[in-house]
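Thank you all for coming. I would like to walk you slowly through one structure today, so please have the picture open and follow along with me.

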Amino acid sequence: MIQSLKKMWRIPDLRKKILYTFGMLILFRLVGVIPAPGVDAAKVLSNTNASSLPLLELVNMMTGNAFSQMTIMAMGITPYINASIIMQLLTIAIPALERLSKDEEGGREKIAQITRYVTVGLAALQAIGLVAGLGYIKSGWLNYVLVGVSMAGGSALAMWIGERITDKGVGNGISLLIFAGIISNLFNGIVSSFSTAFSTGTASAWLSAISIIVVAIIMTVVVAFVDMGERRIPLQIAKQVKGRRVYGGQSTHMSLKVVSVGVLPLIFAYSFLAFPGTVIQLIGGTSSGAYVWWSTYMNTGSVWYMIISALLIVAFTFFYSSISFDPKQQAEQLIMQGATIPGTRGKNIRQYLQTTVNRLNLFAALFLAILAAVPTLLTAQLQTSVPFAASSILIAVSVSLETIRTVQGEMSIRGIDMDVENIGFM
């Protein structure tokens, strides 16, 4: 591992990219401590309602506690993620956007530009709605404007930082910003657990702190193992004679990731279940009958919550896979390239791909459902808050592996081998 890191550092271009990436991440974290204007700081410090709202726990996790502190980075990069998902769905629903997305000459850049505008608008609306719902905005319409503009500006800055990292740094900038927030939240949670253990000195406190680290390590290893898994479909490319040259006539394979949907089914399921409880608490408060019923039967540790979340994860897994992978289109591309799957021909190729993808989706859905239940069960057993969720572990591991592959590609271009297996478990 040390030798691999030395090889990376000896390459001037790669060293500049790594330093640039770290510099931009530090800038992102430093800007994240600037308080947002128009927010009542006294209420933020005295009120803990934000930490108990289910929908906002996910936002707070991805922003590295910036939301609970009401800084200009309170919305973080989440509006950009929401805008990207909305544009992806609209691209399928609206023919004009679909044609634009397929236009190689400037079409995708226009889609990206529209996504940026949607991001800023969503950030302003979410900031005003959420902060006002929590009662943190000072009286006066000007303070509402200040909150919307400052937090939307923070999201725009986060989006700019992410794009600069992608262009001039190492890895995907947006993913690295989410990674930075998750790691910061996880580090603070672990430090808090051990501080409590040291201060109290009880066996239960030490057991909780050690259990959190052990489970986090086990989940990281399992997620890394599954994330790197792929299903290789053998392909046979037919010979094609063009002039005096013969093309094809070779065997290859098409790789399909075991968990191709990533973390989106988890985020969708969490958001779907957290939305009703958040609305009930913001409108009726904690004393209403609806909130009492919801907190009794649909709290995060209840059996019904885990069953419904598992079903939602399965449903969203198949839904997102259906819009991200088209077996018919893939089969047509294979036929155009003169490739066949041994034992299948013509329309059977599409059916074979569909069957294979359905099996992979079923495994991915069950894996994500089990993974999501682990932090919930751990919280119930230890009677303490766990500073990570299944989505955070999955995002952190996926981003780490993606960044490692990017560095490996940079070094391979320069003819230098890197021991990725050792660095992968740094």
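Let me begin with Thr356, which has its place in helix 16, and let me say at once that what you are looking at is a predicted model. Is Thr356 buried or exposed? Its relative accessibility is 9%, and because buried means under 20%, Thr356 counts as buried. If you look at its side chain, you will find that a polar atom there lies 2.8 Å from the backbone oxygen of Tyr352. Which residues does Thr356 touch, once we set aside those up to four places away in sequence? They are Arg231, Ile233 and Leu256.

Strand 1 covers residues 230–237, and strand 4 covers 250–257. The sheet is an open one, in which 3 strands are arranged in the order 4-1-5 with antiparallel pairing. Strand 4 and strand 5, the latter being residues 339–340, are the edge strands, each of them pairing on one side only. For those of you new to this, strands of a sheet pair through backbone hydrogen bonds, and they may do so in a parallel or an antiparallel way. Here strand 1 and strand 5 run antiparallel and are joined by 2 bridges, and you can see Ile237 standing opposite Ala339 of strand 5. Also in this region, the side chains of Glu230 and Arg232 meet in a salt bridge, at 2.7 Å from N to O, and Glu230 is partly exposed, with a relative accessible area of 36%.

How many salt bridges does a search of the whole structure find? It finds 5, and one of them is between Glu163 and Arg116, whose closest N and O atoms are 2.8 Å apart. Glu163 lies in helix 9 and Arg116 in helix 8, so this pair ties together parts that are 47 residues apart in sequence. Glu163 is buried, with a relative accessible area of 18%, and together with Glu109 and Arg116 it belongs to a network of salt bridges. Another bridge, between Asp167 and Arg164, has its closest N and O atoms 2.7 Å apart, and these two residues are 3 residues apart in helix 9, about one helical turn. Asp167 counts as exposed at 54% relative accessibility, whereas Arg164 is buried, at 19%.

While we are at helix 8, which spans residues 107–134, please find Thr115 there. Thr115 is buried, with a relative accessible area of 6%, and a polar atom of its side chain lies 2.8 Å from the backbone oxygen of Ile111. Beyond its neighbours within four places in sequence, Thr115 is in contact with Tyr80, Ala83, Ser84 and Met87.

Let me finish with the aromatic rings, of which the structure holds 3 pairs. Phe198 and Trp206 form an edge-to-face pair, 4.9 Å from centre to centre and with 75° between the planes. Phe198 is exposed at 61%, while Trp206 counts as partly exposed at 27%. The pair of Phe363 and Phe367, by contrast, is stacked, with centres 6.3 Å apart and 10° between the planes. Both of these residues lie in helix 16, 4 residues apart, which is about one turn of the helix, and Phe363 counts as partly exposed at 42%, whereas Phe367 counts as buried at 13%. Finally, Phe194, Phe198 and Trp206 form one aromatic cluster.

Note on methods:
Residues numbered from 1 in each chain as written. Predicted model: local features only at pLDDT ≥ 70, side-chain atom pairs only at ≥ 80, totals over all residues. Heavy atoms only, no water. Pairing = 2+ DSSP bridges. Buried < 20%, exposed > 50% of the residue type's maximum accessible area, 1.4 Å probe, protein only. Polar contact = N/O pair within 3.5 Å; in protein donor to acceptor, adjacent residues only side chain to side chain. Contact = heavy atoms within 4.5 Å. Phe/Tyr/Trp six-rings, centres within 6.5 Å; stacked < 30°, edge-to-face > 60°. Salt bridge = Lys/Arg side-chain N within 4 Å of Asp/Glu carboxyl O.
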